[in-house]
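Please read it with the structure open alongside.

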Protein chains: 2
Amino acid sequence: MMLTLNDFRSRIEYSLCQQFASQEDVKTFCKSAIKSKVGVACVNPIYVKLASELLKGENVELSCNVGFPFGTHFTETKVMETKNGLVDGATQIDMVINVGALRSKENDTVYEDIRAVVEAADGRVVKTIIETWVLNNEEKKRACLIAEKAGASLVKTTTGVRTQYLNLIAENPKGAVLEDIILMREVLSPNVKIKASGGIYDLDYAFELLKNGADQLGVSRGEELIEDFITRYGNEVEIEY
Amino acid sequence: MMLTLNDFRSRIEYSLCQQFASQEDVKTFCKSAIKSKVGVACVNPIYVKLASELLKGENVELSCNVGFPFGTHFTETKVMETKNGLVDGATQIDMVINVGALRSKENDTVYEDIRAVVEAADGRVVKTIIETWVLNNEEKKRACLIAEKAGASLVKTTTGVRTQYLNLIAENPKGAVLEDIILMREVLSPNVKIKASGGIYDLDYAFELLKNGADQLGVSRGEELIEDFITRYGNEVEIEY
């Protein structure tokens, strides 16, 4: 099937989720998102308002991180963060689930937490980050099923934060593992999307993820991937996805 | 000056702030905090209620992490997290400041954020985490001065999260750097305490930090440090602090 450049752009979710990002970083980030015409730009709550102003009139969705990056917050806090994020101009939500509750087999707690955010998001896209790298396969499957039941639009592999830290000293540690995408695609209904995130720096690897069931790609270096697409394939490429 | 075992215990702030901690982990952690008679046990919001029940009647303060670990949340969210944490049984707050605003020289934003949490804490101890490892010296000094002005009881070096991640592949990366403690002690008034945190696994290094101005030590392995104290010194040790 042909993957057009425009389709590829729309599948790129570009994020600036560093703890120490400054206002200048947000400006540079938004410029890059506009230039690359990525589908989504994702920022931390404190920068939603600024990013919303910078992306005004552009065809880029703006997502607000919620409970980021640990998800260890009260549900009530996540709900407030969701509502405030939407008021400040976000059009989507990337929330981190309660990983501790999942590991403690407190399925109702995990469900209620996601459900409350989905309700607060009032019909907007809610992406649930399950943090695959700390979960075993049973936990990954259970997280997917609970997220789907709670009404999440999409399940996302990781926050990418571990990759951020590891990158300080290690080369390209993968956050988005191909085996996880395959497992998640088996478990989830076709209408629930998958976002692979963490350590996707390479176009060939990005294609592998799309071929195996990922719908969206969460990256911190969106511009490079898109430039590489254009250089290598121009306007479209044939891949099985 | 003599450092007694009891004084040393009271200076240990034992934390379980992992993203993936389960209920079982919290139970083990609280047992260890009680056994070691540490001064403070610190957990993520979702576990304050459970930890409060487990520590009931014990002489251990319970701290709730707020805006942890990034501090990139709305002030309003941090305020809610503070209030809910106190309702659930916390007696102290460990909050992460808005590092991005500090780096953007938005001093009023940094101040208002801390001030709102201090007010919500209603007289309880509020510790502000400034995340020294991403700051230059000017930023570290400014963070201390703003925290003091906003009424924080204590300034804390780091969340320790980077150390958590780096520990996966590196040996003992220091979060609590001696030079930072010295710098912070120069800037802060004597009534504002300093908590050194991140990568304090060694008793000799713990003493170095105390000697150079740290009042409290944030650790994830409190039991080991205290056992080492007892083995090596029994009930007290002479150190200059």
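Predicted model: local features only at pLDDT ≥ 70, side-chain atom pairs only at ≥ 80, totals over all residues.

**The barrel of chain A**

- In chain A, eight strands form a closed barrel in the order β2-β3-β4-β5-β6-β7-β8-β9, with parallel pairing, and neighbouring strands of this sheet are turned by 25° against each other on average when direction is ignored.
- Within that chain, strand β4(A), residues 61–66, runs parallel to strand β5(A), residues 92–96, and four bridges join the two; in one of the pairings, A:Cys64 has A:Ile93 of β5(A) as its bridge partner.
- Helix α4(A), residues 75–87, packs on the sheet where it touches β4(A) and β5(A), and the direction of this helix makes about 160° with that of β4(A).
- Helix α11(A), residues 222–233, also packs on the sheet, touching β2(A) (12–16) and β9(A) (216–219), with a direction that makes about 150° with that of β2(A).

**The barrel of chain B**

- The eight strands of chain B likewise close into a barrel, in the order β2-β3-β4-β5-β6-β7-β8-β9 and with parallel pairing, and the twist from one strand to the next averages 25°.
- Helix α6(B) lies across β5(B) (92–96) and β6(B) (125–129), and runs at about 165° to β5(B).

**Helix α4 against helix α6 in chain B**

- Helix α4(B), residues 75–87, packs with helix α6(B), residues 107–121, at an angle of about 20°, and their axes are 9 Å apart; that angle makes α4(B) roughly parallel to α6(B).
- The crossing in which α4(B) passes α6(B) is right-handed.
- From α4(B), the contact is made by B:Thr75, B:Lys78, B:Val79, B:Thr82, B:Lys83 and B:Leu86, which meet B:Glu112, B:Asp113, B:Ala116, B:Val117, B:Ala120 and B:Ala121 of α6(B).
- Sorted by class, the residues in the contact of α4(B) with α6(B) are six nonpolar, two polar and four charged.

**Helix α10 against helix α11 in chain B**

- Helix α10(B), residues 203–211, and helix α11(B), residues 222–233, pack at an angle of about 95° with their axes 10 Å apart, an arrangement that makes α10(B) roughly perpendicular to α11(B).
- On the side of α10(B), the contact is made by B:Leu203, B:Asp204 and B:Phe207, while α11(B) contributes B:Leu225, B:Asp228, B:Phe229, B:Arg232 and B:Tyr233.
- By class, the contact of α10(B) with α11(B) has five nonpolar and three charged residues, and no polar ones.

Terms used: Residues numbered from 1 in each chain as written. Chains lettered and ligands numbered in written order. Heavy atoms only, no water. Axes fitted to C-alpha atoms, helices over the stretch in contact; angles between N-to-C directions. Parallel < 35°, antiparallel > 145°, perpendicular 65-115°, else oblique. Left-handed = near helix turned anticlockwise from the far one by under 90°. Contact = heavy atoms within 4.5 Å. Nonpolar A, V, L, I, M, F, W, Y, C, P; charged D, E, K, R; others polar. Pairing = 2+ DSSP bridges.
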